[in-house]
Amino acid sequence: MRQIFIPKTVIDALLENRSVQEQQKADLADEYQDYHLVIAQPNGRPYEEHQIAQKMKRLIAEHNLKPVVFHSLRHSSTSIKLKLSGGDIKAVQGDTGHSQSRMVTDVYSHVVDSDRKHLARKFNDHFFSDGTKKEETKKAAASDLAMDESTQALLQLLQSSPELAGTLLQLTQTLKQT
């Protein structure tokens, strides 16, 4: 078992989902098959892999997103968290559940490359710069730290449609249970 910290939006989605589940349990009574799942079908049973894939395809089509497999959500989440944390490997490792930080550094090192470029420029400015190219260096550093287009698009989509966070969370929980 491990402790995780989740955003309030996700907590709200989980609480809403629990409320819906409690209503489904009440409506179906003995017909509800309670497996004590966080995310379940309306009858309480777990989702099957093909059902998750269908829901994912529908979500992608409805929001005109780039087609990806379900596991891509974990990769995207980890990449975004690395950028938002400024490359804090241990914080991201604890959040993603990777047993070793090496997994995060080996798989996601490309995410922090722009941070490394920024660090090299700062080092140059601090020790070797004569001050004439500081403005150019600042612009280049800002460009390096900017998120890639797909990450920006994902964040904008989640900000404009917070209910997607709940849907993505449901898909994630369903996959964990299969």
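N64 is found in the loop between α2 and α3 (72-84), where helices (H or I, at least four residues) and strands (E, at least two) are DSSP runs numbered from the N terminus. The model is predicted, so local features need pLDDT of at least 70 and side-chain atom pairs count only at pLDDT 80 or more, while totals for chains, interfaces and linings use all residues. Residues are numbered from 1 along each chain as its sequence is written, and side-chain values use heavy atoms, with hydrogens and water left out.

Confidence is considered next. The protein chain has an average pLDDT of 80, and 70% of the residues score at least 70; pLDDT is the predictor's confidence in each residue, from 0 to 100. Within the chain, α1 has the highest confidence, at 95, and helix α6 (residues 134-145) the lowest, at a mean of 55.

Although N64 is not a glycine, its phi is positive, about 50 degrees. N64 counts as exposed at 73% relative accessibility; here buried means under 20% relative accessible area, exposed over 50%, and partly exposed in between (1.4 Å probe, protein chains only). H36, also not a glycine, has a positive phi near 60 degrees. H36 is placed in the loop between α1 and α2 (49-62) and is exposed, with a relative accessible area of 69%. Most residues other than glycine have a negative phi.

Helix α1 contains Q21, which counts as buried at 7% relative accessibility. A polar atom of the Q21 side chain lies 3.2 Å from the backbone oxygen of L37, and the side chain of Q21 also reaches the backbone oxygen of V38 at 3.3 Å. Not counting residues up to four places away in sequence, Q21 touches Y32, L37, V38, I39 and A40, contact meaning heavy atoms within 4.5 Å.

Side chains of opposite charge can pair when their charged atoms come close. The whole structure holds five salt bridges, each defined as a side-chain nitrogen of Lys or Arg within 4 Å of a carboxyl oxygen of Asp or Glu. E22 and K25 form one of them, at 3.5 Å from N to O. Being three residues apart in helix α1, E22 and K25 are separated by about one helical turn. E22 is partly exposed at 42% relative accessibility, as is K25 at 23%. K25 also meets D34 in a salt bridge, at 3.1 Å from N to O, and D34 is partly exposed at 36% relative accessibility. A further salt bridge joins the side chains of K81 and D95, at 2.5 Å from N to O. Because K81 lies in helix α3 and D95 in helix α4 (residues 89-96), this pair ties together parts that are 14 residues apart in sequence. Through shared partners, salt bridges join E22, K25 and D34 into one network.

S101 lies in helix α5 (residues 101-127) and is partly exposed, with a relative accessible area of 26%. The C-alpha atoms of S101 and A91 are separated by 9.4 Å, the two residues being 10 apart along the chain. Leaving aside neighbours within four places in sequence, S101 is in contact with I89, K90 and Q93.

On the surface, I4, I6, I11 and L15 form a nonpolar patch with about 310 Å² of accessible area together. Patches are made of residues with over 30% relative accessible area and no salt bridge, with like charges joined within 9 Å and nonpolar side chains (Val, Leu, Ile, Met, Phe, Trp, Tyr) within 5 Å. Accessible areas come from the Shrake-Rupley method with a 1.4 Å probe, and for residues only the protein chains shown count as cover. I6 is found in the segment before α1 (8-28) and is partly exposed, with a relative accessible area of 34%.

Notes. A polar contact is a pair of N or O atoms within 3.5 Å; within protein, one must be able to donate a hydrogen and the other to accept it, and residues adjacent in sequence count only if both atoms are side-chain atoms.
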